[in-house]
Amino acid sequence: MEILVVGAGIAGCTAAALLGWADHRVTLVEHDPAVREGGSPVHVRGGALPIAERLGIAGLLREAETGVDRAEFVDPRGTVRATARLRTSGDDVEIGRAELNRLLLEQVHRVAQVVSGDGPRTLTELPDGIEVGFERGRPERYDLVVGADGQHSQVRRLGFGRETAYVTPSGIMIGAVPIDPDLVVSPRVVRTSHTPGATTIIHPAGGHPVGAVIVREEEPDVADDPAHQPSREERMAILEKRIGRRMRPWHGTDILEAVRRSPDAYLDSIGRVEMASWSRGRVVLLGDAACGLTLLGDSGSVAMTGAGRLVDALSRLDRPGDLAQALGYYERAHRPEVEHHLRGVEKATKRLLPMTRRAIRRRHRAVRFTRRV
Ligand SMILES: Cc1cc2nc3c(=O)[nH]c(=O)nc-3n(C[C@H](O)[C@H](O)[C@H](O)COP(=O)(O)OP(=O)(O)OC[C@H]3O[C@@H](n4cnc5c(N)ncnc54)[C@H](O)[C@@H]3O)c2cc1C
């Protein structure tokens, strides 16, 4: 088949590489000019490791592992309040998000065409295919369009309708950015600091340290049109207001400053994406575009296993008319895993962002008690 994959994140690169190896003619289009640095490290585990093996990159992933094995919870002055060992095993590889993205993209280049700096503008179903109009390139016809373009998916907007119908704001905003290595206390230690409604995380990320600020938004908003998403300045203002003037979590000021300065900073409101169906006609959604698991360290793994299941489902397709059936297989195979993760979102959010001093003390006590997180 002639397939367009939109979005060269973890979901899109995994899908494009696997589809290319499966002898489909694949074009991967990405609106950014290159892989963006930054973003918190992700875990590759569960069904994602066999996918990495299939792509021949499992060894490279292990070489690039962050090597972090301890979590420290510190107060705003940096005094350690609780420590825990992190669960580490050969079945769970923690790796920088950009590093994983780069390794996957290298595989795509071997089997597919990659177009940067462009994206879809229109989708028109034809009797024997789908025509895609691009922001910059000429219109092209495909047999299938895979929307792997993240939480604010343009493919979802074009193929399924406005964002507000599918995305519910979670009330959480995140800024994540490469930071000065001097802020890292040890290459094996990730440090988290909470004040009510604001959290900072400093992760050594295998020599490419990343800082994240996570805050509760008071009036979260979802915009239907990308042009009406809050501007970078508006999002920065929310982060600054919420991170507080009197009591900031550890290194809150430094991370905010890095987010403000860096063109690579990831700065977004996190929404919950819920869709009754992930495909319509010749359009199918994958990764955060379909199910938005951002903020959980497993979003990369789930994106990779979803890509594997989509490609496996398409390999069962004998005649072009069976496309709807194949896309149905994909969804039935992948939904249970996504729903399992979605059930954990609320608990994970409370752990990540305690809203009161009491909840913070409870969190520290729980970490001391379990000793492993
Ligand atoms: C730079 C960056 C930093 C991140 N940092 C964090 C973090 O700190 N914490 C966290 O929980 N999650 C973060 N995420 C999200 C996390 O990577 C995803 O939840 C997970 O990996 C699943 O990825 P995905 O491929 O489905 O979506 P994404 O990782 O969002 O990738 C989507 C890709 O599609 C591209 N794209 C978007 N719109 C279009 C368009 N119209 N046309 C063409 N391409 C388009 C984007 O540029 C991006 O490359 C980050 C994502 C990015 C891109």
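Now, what you're looking at is a predicted model, where local features need pLDDT of at least 70, side-chain atom pairs count only at pLDDT 80 or more, and totals for chains, interfaces and linings use all residues. Residues are numbered from 1 along each chain as its sequence is written, and side-chain values use heavy atoms, with hydrogens and water left out.

Okay, His43. Buried or exposed? His43 has a relative accessible area of 18%, so His43 counts as buried. You'll find His43 in strand β3, residues 42-45. When I say strand or helix, I mean DSSP runs numbered from the N terminus: E over at least two residues for strands, H or I over at least four for helices.

What does the His43 side chain touch? There's a polar contact to the side chain of Asp92 at 2.8 Å, and another joins His43 and Arg45 through their side chains at 3.5 Å. A polar contact here is a pair of N or O atoms within 3.5 Å; within protein, one must be able to donate a hydrogen and the other to accept it, and residues adjacent in sequence count only if both atoms are side-chain atoms.

Next, strand β9, residues 129-134, where five of the six residues are buried. Strands pair if DSSP finds at least two bridges between them. On one side of the story, β8 (residues 120-126) pairs with β9 in the antiparallel sense over six bridges, with Thr124 opposite Glu131, and a two-residue hairpin joins β8 to β9. Then β9 also runs antiparallel to β10, residues 140-142, with three bridges; Val132 has Glu140 as its bridge partner there, and this hairpin goes through five residues.

Last stop, rings. How many aromatic pairs does a search of the whole structure find? One. The centres of the Trp278 and Tyr330 rings are 5.7 Å apart with planes at 45°, so we call the pair tilted. For the rule: Phe, Tyr and Trp rings (the six-membered one for Trp) pair if centres lie within 6.5 Å; planes under 30 degrees apart are stacked, over 60 edge-to-face, and the rest tilted. Both Trp278 and Tyr330 are buried.

That's my tour, thanks!

Terms used: Buried < 20%, exposed > 50% of the residue type's maximum accessible area, 1.4 Å probe, protein only.
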